[in-house]
Amino acid sequence: MRIFLILLGAVFMLSACGNDEPQTQDSKGADETEHMQHDESGKLPEGLEEADDPEFPPGSKAIIQANHMEGMKGAETTIVGAFDTYAYEVTYTPTNGGKHVDNHRWVIQEELKEAVDHPLEPGIEATLEADHMEGMKGATAIVEKVEDTTVYMVDYKSTTTGEEVKNHKWLTEGELAPMEDSSD
């Protein structure tokens, strides 16, 4: 019985140790879901310019191909806005003591304190002005990847919860697919 209790105690200790791993954005995006804040106001960062000829114009519909959050992939979406900018994948530790976030997609040029007219290079540190997740605003981030692209603000209904998500920021053009033509 004593050995059983020792082994049981060891199992509990080892399982508790596994909880302090860095938070990563897995392919399902489930780690980020609990911390997402949806700013339904649609407020845009200062200086953001509308795209002249986006593949998905405002008011059009598309299918989301990204897995940033649970219930996002495969959802039908309505495009709220399309903007030309630089989109960044960043790694940061939240200012509220939350778990480290690896490869968060996306923060845009106009949401970085150090925003300039040219893109920041991977490996550069930047201060986040975005408030997509708890503890994001004011955090120091490392730029992992940068894309010169059109980003989209979208409305969609979660495929898992049925929750209406308004003004979600951001998806890139490559993360959207056209609606299937049903007139065949």
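1. Glu89 counts as buried because its relative accessibility is 7%, buried meaning under 20% relative accessible area, exposed over 50% and partly exposed in between (1.4 Å probe, protein chains only). The model is predicted: local features need pLDDT of at least 70, side-chain atom pairs count only at pLDDT 80 or more, and totals for chains, interfaces and linings use all residues. Residues are numbered from 1 along each chain as its sequence is written, and side-chain values use heavy atoms, with hydrogens and water left out.

2. The side chain of Glu89 forms a salt bridge with that of Arg105 (2.6 Å, N to O). This pair links distant parts of the chain, with Glu89 in strand β4 and Arg105 in strand β5 (residues 101-108), 16 residues apart. A salt bridge here is a side-chain nitrogen of Lys or Arg within 4 Å of a carboxyl oxygen of Asp or Glu; strands (E, at least two residues) are DSSP runs, numbered from the N terminus. Arg105 counts as partly exposed, since its relative accessibility is 30%.

3. The structure holds three salt bridges. One of them joins Asp155 and Lys166 through their side chains (4.0 Å, N to O). Here too the pair links distant parts of the chain: Asp155 lies in strand β7 and Lys166 in strand β8, eleven residues apart. Lys145 forms a salt bridge with Glu147, with 3.4 Å between the closest N and O atoms. Lys145, at 33% relative accessibility, counts as partly exposed, as does Glu147 at 24%.

4. Strand β7 (residues 140-157) pairs with β4 in the antiparallel sense over 15 bridges, where pairing requires that DSSP finds at least two bridges between two strands. Thr78 has Asp155 as its bridge partner in β7. Strand β6 (residues 125-127) also pairs with β7 in the antiparallel sense, over three bridges, and Ala126 has Ala141 as its partner there.

5. β7 and strand β8 (residues 164-172) run antiparallel and are joined by six bridges; Val151 stands opposite Thr172 in β8. The hairpin of β7 and β8 has six residues between the strands, and Gly162 takes a positive phi near 80 degrees in this hairpin.

6. Ala75 is placed in the loop between β3 (61-64) and β4 (76-92). Ala75 counts as buried because its relative accessibility is 1%. Beyond its neighbours within four places in sequence, Ala75 is in contact (heavy atoms within 4.5 Å) with residues including Ile63, Tyr156 and Thr159.

Note on methods: Helix = DSSP H or I, 4+ residues; strand = E, 2+ residues; numbered from the N terminus.
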